[in-house]
Amino acid sequence: MSVQTSVHQDLHGPELLHHFADPQQQRNAVSLGMWIFLATEVMFFGGLFCAYLIYRGWFFGDFAAASKSINAALGGTNTAVLICSSLTVVLAIWAAQTSRRMLLIAMLVLTMIFGLAFLGIKGIEYRDKFEEHHVPGASFSFDHEPIPGHPGQYANPQHAQIFFALYFIMTGLHALHMIVGLGLFTWLLVMAWKGRFTPAYHTPLEIGGLYWHFVDIVWIYLFPLLYLIDRHP
């Protein structure tokens, strides 16, 4: 390490990288990078949402019949779980800002527990779809399923298969982002245990929180679009 770098860290703290002038500049740069990354994620999921909405407009009755086969209670439970996890993330950041190390660790652990609970419930849903042969492919079956609100009319299996393909793609990608988030929070938990976060330095927590909130928001849109089609009497 050069003398200049050593002096630079002594003045501003070991967490400040050498190519930043001060902690605020580093925080602004990191935040901008995360927001740019989230913008690309919005475009990524936005394409899937557009495809879903187009097909839903074309085959609304078939999509409604397929949607009613999904367990809305499990989906609602997962929604509540993610909302609670967003709260624990906010509390974790507040704990770091107020030098409450044990509370910070507890909130990070709770966030991870909520994330694992979400994935477990999603696994139950996937298991049910496999058992019901609702997974797109050679074994797919969706015969004689009535269209809600249209007595005597049955869903087109090919159109229903499009719904389930989009369902597995969109919820599967969301679950993958959850897994990445759990890996990120594992690292944050280790850093919190070592006492790396202080009121002056907790930028990684804020960046991790931004990512987690984005994943939660995606689910807030997925839940009504996939689970609540034509559920009214």
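The model is a predicted one, in which local features need pLDDT of at least 70 and side-chain atom pairs count only at pLDDT 80 or more, while totals for chains, interfaces and linings use all residues. Residues are numbered from 1 along each chain as its sequence is written, and side-chain values use heavy atoms, with hydrogens and water left out.

The chain has seven helices and zero strands, where helices (H or I, at least four residues) and strands (E, at least two) are DSSP runs numbered from the N terminus. Read along the sequence, the pattern is accordingly α-α-α-α-α-α-α. Of the 233 residues in the chain, 44% are buried; here buried means under 20% relative accessible area, exposed means over 50%, and partly exposed lies in between, with a 1.4 Å probe and protein chains only.

Two packed helices are described by the angle between their axes and the distance between the axes. The axes are lines fitted to C-alpha atoms, for helices over the stretch in contact, and the angles run from 0 to 180 degrees between N-to-C directions. Helix α4 (residues 72-97) and helix α5 (residues 101-131) have axes that come within 8 Å and cross at roughly 165°. The two helices α4 and α5 are therefore roughly antiparallel to each other, a term for angles over 145 degrees, whereas angles under 35 count as roughly parallel, 65 to 115 as roughly perpendicular and the rest as oblique. The residues in the contact of α4 with α5 divide into 20 nonpolar, six polar and two charged; in this division Ala, Val, Leu, Ile, Met, Phe, Trp, Tyr, Cys and Pro count as nonpolar, Asp, Glu, Lys and Arg as charged, and the others, Gly among them, as polar.

The crossing of α5 and α6 is left-handed. For α6 and helix α7 (residues 203-227), the axes come within 10 Å and cross at roughly 160°, and α6 and α7 are therefore roughly antiparallel to each other. The contact of α6 with α7 comprises 20 nonpolar, five polar and no charged residues, and α6 passes α7 in a left-handed crossing.

The structure holds 23 aromatic pairs. Rings of Phe, Tyr and Trp (its six-membered ring) pair if their centres lie within 6.5 Å, and planes under 30 degrees apart count as stacked, over 60 as edge-to-face and the rest as tilted. One of these pairs is formed by Tyr126 and Tyr167, whose ring centres are 6.2 Å apart and whose planes stand at 80°, so the pair is edge-to-face. Because Tyr126 lies in helix α5 and Tyr167 in helix α6, this pair ties together parts that are 41 residues apart in sequence. Tyr126 is buried, with a relative accessible area of 18%, and Tyr167 is buried at 0%. Tyr126 also forms a tilted pair with Phe168, at 5.1 Å centre to centre and with 45° between the planes; Phe168 lies in helix α6, 42 residues from Tyr126, and is buried as well. Ring pairs link Phe118, Tyr126, Phe130, Tyr167, Phe168, Trp219, Phe223 and Tyr227 into a cluster.

Ser67 lies in helix α3 (residues 60-68) and, at 0% relative accessibility, counts as buried. Ser67 and Phe163 are 96 residues apart in sequence, but 8.0 Å apart in space, C-alpha to C-alpha.

Most residues other than glycine have a negative phi. Ser99, in the loop between α4 and α5, has a positive phi of about 60° although it is not a glycine, and counts as exposed at 54% relative accessibility. His133, in the loop between α5 and α6, likewise has a positive phi of about 60°, and at 41% relative accessibility His133 counts as partly exposed.

Methods
A crossing is left-handed if the near helix is turned anticlockwise from the far one by less than a right angle, and right-handed if clockwise.
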